[in-house]
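Me: I'd like to learn how to read aromatic contacts in a protein model. Could you walk me through them with an example?

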Amino acid sequence: MTFVRFLAGNFQLPNMDEVGTACDDGIPLSACTMYKRWRWPSPSMGGLVRSVSEVPVRGIENMYSRFTTPVLLFSVLLALVCGQTCPNTTVETISGFPALIEVTLEELETGLESGSFTSVDLVNAYVARILEVNGTLNCVTEINPDALSIAAELDAERANGITRGPLHGVPIIIKNNIATNDKMNNTSGSFALYGAKVPKDSTLASKLRAAGAVILGKSNLSQWANFRSFNSTNGWSAYGGQTFGVYYPQEDPSGSSSGSGVVSAIGLAFAALGTETSGSILSPSEFSNLVGIKPTVGLTSRNLVIPISQRQDTVGPMARTVKDAAYVLQAIAGKDPLDNYTLAQPFDTPPDYVAACNFSALRGKRIGIPRNVIDPSLEPDNTVVDAFNAAVKTIKNAGATIVDNANITAFALDQYNNGSAETIVLDADFIVNLAEYLAMLSYNPQNVHTLEEVRTFTQHFPQEDYPDRDTKVWDQALALGYNNTDPRFWAAYQLNLEIAGPQGILGLLKNYSLDALILPTNFSPGLPALVGTPVITVPLGFLPPSEPVVRNMRGTLVETGPNIPFGLSFLGPAWSEATLIGFAYAFEQRTMVRNKVQPYIVPATELVDIVGKGVNASISVEKRGYVSSGKKFGAVRTPKRRRGGEM
């Protein structure tokens, strides 16, 4: 049986009547009518009391049914009373199996190698967990219909003494703009690409398969990676609905890799891939209390990844620990003749990112702080800045030399905050890069080949929610009047390189002989985006339980509220991922912030519920991949560089 858990420490709850039943043990999940059940924490039962209300979910078709209003109101109450003092009600092991919300890759490897569980067991467990919560969180848009058969093949390889690497047999979810040549869609959240086919896997999907990973499904995202509307919301797409974060009811998940953040945060897969143009890995990782690695542009291939800008797009991991993120990066990094940016890598084989996880990595290093990039008006209660200053002390105590007020130039700061060069570069690149992707499709059912044609489709297809969600980003790009082959484009691009390079972060690294920079994650994406340099974010803290709830302009998402996480970022020069991973690991191991506050909602299915029980998700998974209902959820994207809206 499966139960959804809401975590509320020792809060005493009233008795609730059980009015539904779940499938009997041993019956496949889709072979009966499934019911959502709730586990409420209680000291008398080790933190778990069963109490349910009947919410029928008949297979995959209704996986997006919403929670009832009373349940949502009750979950808000729980989140309010929980706060940072709540005990960790999840445990490291459950009946001898690792808890899936915190399991590491090495723990999964150990269990697979010992035969404690199989890859098929993992797929069944993760699918069951997705089924539990996806109706409320809308974080997964596709389940791979072939996941179980792929897992079985990998189990057979292991039984014959063959393993492809650390990821062998481990399920991972990728963002729904990374193409796979299988039965799943690759839509960037738009019905304009529903049913479209690619001639082969994206290079990254191919690398994951070669490494033995099971691509379990695809995650929801801010539509077109937050590059369509000025008035949409983080985590909303026409195809996937509205994704919500897991640290407060109706939390803004940030974006655009919204679903990938939620998936990793509550263990719906081992880890996830996100993409970033400017903040789309870092920001949702921060909001989901994760480690996120935004690689150097060119470290990971963008071949058959739906683009925004060839100069800023990159793909990276979102995971619960630094080492797990390093394992995933190891599998996807490397040169690809189909993406010429990767040919600039200064090595034939990427460094050993896992070996870079060194507790002493900060010793003897010089770490700079560009204080003038931190805008106090965006953090008025000082919670984040205070936590950042405490982190500075931790880093200093780890043996690093801190160079404070290593600031970017006044010109760079003004252009960063008020200039238009980045907008010009992204708009001009998008016109060309999108057309290049569309030209590679082997099947294009909506016959869209240009940005103009995608805009026309969007404005006339009801489920795209136009004009309630506008297309002003595209309108602006098309009104520019030129693309990335124009000399005017080149002038804007060179200005970007100047303000983030010699006058920005690269100048600081060189002039102060720094090994890295640090910033609160909210302020870290923008400058590295302009020059394509790497950033890694790690959990730093949480807003206090008394934090006032601030909603977006339409009142549909909580932008700021109790217990919402925030992060610390390490920034470095191009190709410095191994160094940054070492610094992030050293900080993570000294602070272990992640488990100090638990998500308000956690799926309850664990391996103990699957292994040896005859539970099998094969019918529901193999039936088909699934699509959201396309229900409208109006909201507003936050302005540039505020907490939230990122590309």
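This is a predicted model: local features need pLDDT of at least 70, side-chain atom pairs count only at pLDDT 80 or more; totals for chains, interfaces and linings use all residues.

Me: Is F117 buried or exposed, and why?

Reply: The cut-off for buried is under 20% relative accessible area. F117 has 3% relative accessibility, so F117 is buried. F97 also counts as buried because its relative accessibility is 15%.

Me: How many aromatic pairs does the structure hold?

Reply: There are 14 aromatic pairs. One of them joins F97 and F117, with 6.4 Å from centre to centre and 50 degrees between the planes, a tilted arrangement. This pair links distant parts of the chain: F97 belongs to strand β7, while F117 sits in the loop between α2 and α3, 20 residues apart.

Me: What is the geometry of the Y247 and F542 pair?

Reply: That pair is tilted too, with the centres 6.0 Å apart and 45 degrees between the planes. Here the partners are 295 residues apart: Y247 lies in the loop between β12 and α7, and F542 in strand β19. Y247 and F542 are both buried.

Me: Which rings do ring pairs link into a cluster?

Reply: Look at F191, Y194, Y239, F457 and F461, which ring pairs join into a cluster.

Me: Where does the charged end of R590 sit?

Reply: For this feature, look for a charged group above a ring face. R590 places its charged end over the ring of F359, 3.8 Å from the ring centre.

Terms used
Residues are numbered from 1 along each chain as its sequence is written. Side-chain values use heavy atoms; hydrogens and water are left out. Rings of Phe, Tyr and Trp (its six-membered ring) pair if their centres lie within 6.5 Å; planes under 30 degrees apart count as stacked, over 60 as edge-to-face and the rest as tilted. Helices (H or I, at least four residues) and strands (E, at least two) are DSSP runs, numbered from the N terminus. Buried means under 20% relative accessible area, exposed over 50%, partly exposed in between (1.4 Å probe, protein chains only). A charge sits over a ring if NZ of Lys or CZ of Arg is within 6 Å of the ring centre and within 35 degrees of the ring normal.
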